[in-house]
Amino acid sequence: MTKFYELSTAERLAQLRDEGAIDDDDLPVLTDEPALPTGVAANMVENQIGNFPVPLGLADHFVIDGEALRVPMAVEEPSVIAAAGNAAHRIARAGGFRTSVHRDGITAQIVFTGIPEDFEVLQTFVHEREAEIRKVAHDAHPSLQTYGGGLRNISVSVVCGKGFSEIDLLIDPGDAMGANVVNTIAEAVAKYCVKRLDGLDLLMAILSNDTQNQRARAQARIDFDSLATRDMDGSEVARRIVAAARFAEISPLRAATHNKGIMNGINAVVLATGNDTRNINAAAYADLNDQRRTWTKWSVDEQCRQLVGSIDIPLPLGSVGGAMSTLPMAKLSLKLLHRPDASRLMGIVASVGLASNCSAMRALVTRGIQEGHMNLQFKSLAMSAGARPEELAPVVSGLRADPAHASLETAANLLTQLRNALK
Ligand code: MEV
């Protein structure tokens, strides 16, 4: 049977339709121009003048908590989708990803300048008025409770000796990403408090993108045999991957690149599903410090002859509201993921991050990444030069024969030669 990656775009769409993953109604979103109607785009940002499409692809072979998925990824970098699907395939052979998620809420900071004479004044204020504060929070967004969300916790802190004090609200946004909900509640509570607190000036009320309470974990195993390359035994590849992961933990220079490889996969799914990539990156990096330089861990299980990987990362994602409800592509991506709730989506995205990390390290510690990257680069040069699908292979092989001189001009020359030879 022809593999998914060997099909043309039109054949892939036909297969997805046959599988029931998409309907006829979805086709115009994927094939018509523009995918984002001007009426929608013009109301999403200010001074809109056009759209900025990036390719949407499917990373194949994911099995996450027993469910087989093709994961939509929006990304301009060649090899990101292939890399994620490649590792997912090896992981699927050993049972797939197992995920667990904590979605306990997002913190909003209500910040005051000036500290009450006695810190306890603020604490007592919050303690005595907790019921009223909860009511203010509820009234600011009454529908939140019906979606399973709401104010979970209130705490008070003083930034010692620096002249600031704050009231923190822990708010569960339900299945939404939560920025609007949380900021609306924070501003309402801030207004209520400031009227009743003498000697304190409200500086701001805003959510924190440090979302320790919205985190996803995924675990995966790969048989040594599935890791072997043409010239390296699988156990050796596994041992070298563990060494590469260990090096990222001790070298800040390497950790930055290691983490970029993880975010390659994560950002692509976050973008495809209409979530906020900046929020996800801010949250993920806020979780790191000198003692914890990355989100993944890799070890070897000698007894089972398997490589074992895990990821633990804050991922404050939503599955409803915002761009997820307005962008046709995002709606379609969520449909392709079987309409996950926010927790499920977090598990999926964490799994893609782990897969991306695995694939990058396997390539790095064996043949290096350039061989695979260059093939995709050559293909994109051939396409830019105007090669038709049936002309891609000969032009790519011409470029591969002399990689040092591979350029758009060379690709165009190779294409001309090919066409002349067939005249
Ligand atoms: C390239 O986009 C990402 C990698 O550099 C990640 C890594 O080095 O782990 C391959």
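This is a predicted model: local features need pLDDT of at least 70, side-chain atom pairs count only at pLDDT 80 or more; totals for chains, interfaces and linings use all residues.
Residues are numbered from 1 along each chain as its sequence is written, and side-chain values use heavy atoms, with hydrogens and water left out.

**Exercise 1.** Find which residues are around the ligand and which elements give two or more of them.

Step 1. With a residue taken as near if one of its heavy atoms lies within 4 Å, the shell includes Glu-77, Arg-254, Asn-264 and Leu-364.

Step 2. Polar contacts are pairs of N or O atoms within 3.5 Å; a polar side-chain atom of Glu-77 lies 2.7 Å from a ligand oxygen, the corresponding distance for Arg-254 is 2.8 Å, and for Asn-264 it is 2.9 Å.

Step 3. The protein buries 88% of the 300 Å² that the ligand exposes when taken alone (Shrake-Rupley method, 1.4 Å probe).

Step 4. Two or more shell residues come from each of helix H11 (252-272) and helix H15 (342-364) (helices are DSSP runs of H or I, at least four residues), and H11 has the largest share, 6 residues.

**Exercise 2.** Describe the largest nonpolar core.

Step 1. Such a core joins buried nonpolar residues (under 20% relative accessible area) through side-chain atoms within 4.5 Å; the largest has 55 residues, and H15 gives the most to it, with 10.

Step 2. Val-71 is among the residues with the most contacts inside this core, and beyond four places in sequence its contacts (heavy atoms within 4.5 Å) include Phe-62, Val-269 and Ile-348.

Key. A polar contact is a pair of N or O atoms within 3.5 Å; within protein, one must be able to donate a hydrogen and the other to accept it, and residues adjacent in sequence count only if both atoms are side-chain atoms. Buried means under 20% relative accessible area, exposed over 50%, partly exposed in between (1.4 Å probe, protein chains only).
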